[in-house]
Amino acid sequence: MELWQAFVQMVHTLIPWLDGTVASIFIILIKAIALVMPLMLVVAYFTYAERKVIGYMQLRIGPNRVGPKGWLQPIADALKLMTKEIIFPTKANIYLFLLAPVLAIAPAIAVWAVIPFDEGIYVTNLDISLLYVLAIGSIGVYGIILAGWASNSKYPLLGALRSASLLVSYEIVIGFALVTVVMIAGSVNLNTIVQAQQGGIVHWYFIPLFPMMVIFFISALVETNRAPFDVVEGESEIVGGTHVEYSGMTFAVFVLAEYANMILMAVLAVVMFFGGWHSPFEAIPYLESAFAWVPGIVWLLAKTTFFMFLYLWVRATFPRFRYDQIMRLSWKVFLPITIIWIFVVALMTQLELGPWF
Amino acid sequence: MNSEQIIFYILSFWFVASSLAMIFSRNAAKAVLFLVLAFFSAASIWILLEAEFLAITLILVYVGAVMVLFLFVIKMLNIDKSTLRAKFTGYLPLGLIVAVIIVAEMSLVLGANQFGLDVFSSPARHGADYSNITVLAMQLYTTYVYPFELAAVLLLIAIIAAITLVHRNETSRKKQSISEQVNVQAKDRVRLVSITSPSKEDK
């Protein structure tokens, strides 16, 4: 943080003619770039990790040809996709066809603005940041619907219909699961939610809200169209779902959005249920002081990496769900459980149970 | 003009322009997207008014759910444009009269003589620690708790009514019994028969 203050000071002294508004816009721009550039790099290497991890789980090696141990594979993939031709289907609505990938990636990146990485490290500290995450996250469905509709092709349309109904129903489940967190923390500000979990691993919300944590993780799999719930793409049923007709960079943008959303959901799970930037060794004698030098952002990223690994693990392990089974899971299993747990949390709050309330 | 006024006029321009574009666009899907843009502009104007909870709720509910269902329906419909346009001139006089009445009413109710700066003083600016959602929640759950609960119950009734309307004819519905599917045993589905395979010498 001292480094950042010094940097802001430097910007003000180097460019003295910048007044308050312009300077703050300039600083926000720098913050956004400092967030998005590493994010894109993580997305690229997440695809590599996915192929490697699933490869080893299936007793294969995975990509190992480009660069040492295949380290340059994502770069090669990106270059290949950039140089490929973008094909427009006949009689497709070209404006909406091109708008769809933009609508998919823009919310996936915009949501990151409110994620707290450490005490005081965020792009913006919004008072209603959790609602902002849910609202902007719900816009991502437009990318899929428009891609299906504008392609003028039947399999994308089917994929889009299935996706839209799934995403809308699982948004409700995610919303209800996060309401319990809001009830305990007493705030919809992500910074405050993380600060409320201070004081060691027993203060983290995954203990009183364990069913909600599981439901949130499974719903996050559906929201990001990941296996075993990848009916949107549905390779074995509807060829490739919404992005059948997309090629080259337009397709790559969809993949970028999907992986950015996966990482976002992992970070959200950590922030809401696993103490955000707090060290797991807090309030433990000796260990706390031994690990005191580790900055909070390292803990946050380590926990996030674990959840990102879970995504890959789940994909390699479980067979795919049928469409009506996923719908039943949402409306008849998860939604009643979340509503019951809201009452349980209300009761726990009244009884002032444990260290959480 | 300060920067806030400039932002306000840009947003208002977008609001009006996207609303007009929504009405005049021939493609129903594009009309829905222009309406989404109009919602975004309205939400941004609300954020300028420090009503950030309302703004985010507008996006969460209308853009995130209602408009998605609109797009969903539009994809299912087979809209025949010629029948829609056939009676356009016939409805035009009535439509114009209704439009004039609505514009007159709105200018009377929302005009400068009702909401001008001489009638209403401009609202006070709040500090950075002002939490819109907390203030709103305090009002909703204390002063207005009964109207709030009543509205919620009304919505619940509407949901139940809609579902019962759809589920009137139980006979025409195909239903899967999940418990039956889950509890199925291997011996119910596959019958293994042992057959003595012919040995190589018999050929």
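**View 1. Chain B, overall.** Along its sequence, chain B runs α-α-α-α-α-α-α-α-α-α. That makes ten helices and zero strands. Helices (H or I, at least four residues) and strands (E, at least two) are DSSP runs, numbered from the N terminus. This is a predicted model, in which local features need pLDDT of at least 70, side-chain atom pairs count only at pLDDT 80 or more, and totals for chains, interfaces and linings use all residues. Residues are numbered from 1 along each chain as its sequence is written, while chains are lettered from A and ligands numbered from 1 in the order in which they are written. The C-alpha trace of chain B spans about 110 × 55 × 40 Å along its principal axes. The radius of gyration of chain B is 29 Å, whereas a compact globule of 203 residues would have one near 17 Å. That radius is taken over C-alpha atoms, and the globule rule is 2.2 Å times the number of residues to the power 0.38.

**View 2. The two domains of chain B.** Domain 1 of chain B covers 1-80, and domain 2 covers 128-164. These bounds come from an automatic or database domain assignment. The C-alpha centres of the two domains lie 23 Å apart. Of the 203 residues of chain B, 11% count as buried. A residue is buried if 20 or more other C-beta atoms lie within 10 Å of its own, exposed if 12 or fewer, and partly exposed in between, with C-beta atoms placed from the backbone. Within chain B, take the contacts with a separation of 6 or more: residues 24 or more positions apart account for 54% of them. Two residues are in contact if their C-beta atoms, placed from the backbone, lie within 7 Å.

**View 3. Where chain B touches chain A.** The contact takes 18 residues from chain B and 21 residues from chain A. On the chain B side, helix H3 (residues 52-76) gives the largest share, twelve residues. By class, the chain B side has twelve nonpolar, four polar and two charged residues. Here Ala, Val, Leu, Ile, Met, Phe, Trp, Tyr, Cys and Pro count as nonpolar, Asp, Glu, Lys and Arg as charged, and the others, Gly among them, as polar.

**View 4. The loop at Glu50(B).** Glu50(B) sits in the loop between helix H2 (28-48) and H3 of chain B. Its phi is positive, about 65 degrees, although Glu50(B) is not a glycine. Glu50(B) is partly exposed, because 15 other C-beta atoms lie within 10 Å.

**View 5. Chain A, overall.** Chain A has 14 helices and zero strands. Its C-alpha atoms fill a box of roughly 60 × 60 × 45 Å, taken along the principal axes. In chain A, 41% of the 357 residues count as buried. Among contacts in chain A between residues at least 6 apart in sequence, 77% join residues at least 24 apart.

View 6. Helix H11 (residues 248-273) of chain A has 26 residues. From first C-alpha to last, H11(A) reaches 38 Å, close to the 38 Å expected at 1.5 Å a residue. The expected span is 1.5 Å times one less than the number of residues in the helix. Of the 26 residues of H11(A), 21 are buried. The largest nonpolar core has 114 residues, and Ile145(A), Ile263(A) and Ala269(A) touch the most other members. H11(A) gives the most to this core, with 18 residues. Such a core is a set of buried Ala, Val, Leu, Ile, Met, Phe, Trp, Tyr and Cys residues joined through C-beta atoms within 7 Å. Leaving aside residues up to four places away in sequence, Ala269(A) touches Phe216(A), Phe217(A), Ala220(A), Phe274(A) and Phe307(A). Just after H11(A), Gly275(A) takes a positive phi of about 75 degrees.

**View 7. Helix H9 of chain A and its end.** Helix H9 (residues 210-223) of chain A is mostly covered, with ten of its 14 residues buried. Among them are Phe216(A), Ala220(A) and Glu223(A). The cover over these buried residues includes helix H7 (154-185), H11, helix H13 (296-317) and helix H14 (323-351) of chain A. Asn225(A) follows H9(A) and has a positive phi, near 55 degrees. Asn225(A) counts as buried, because it has 24 C-beta neighbours inside 10 Å.
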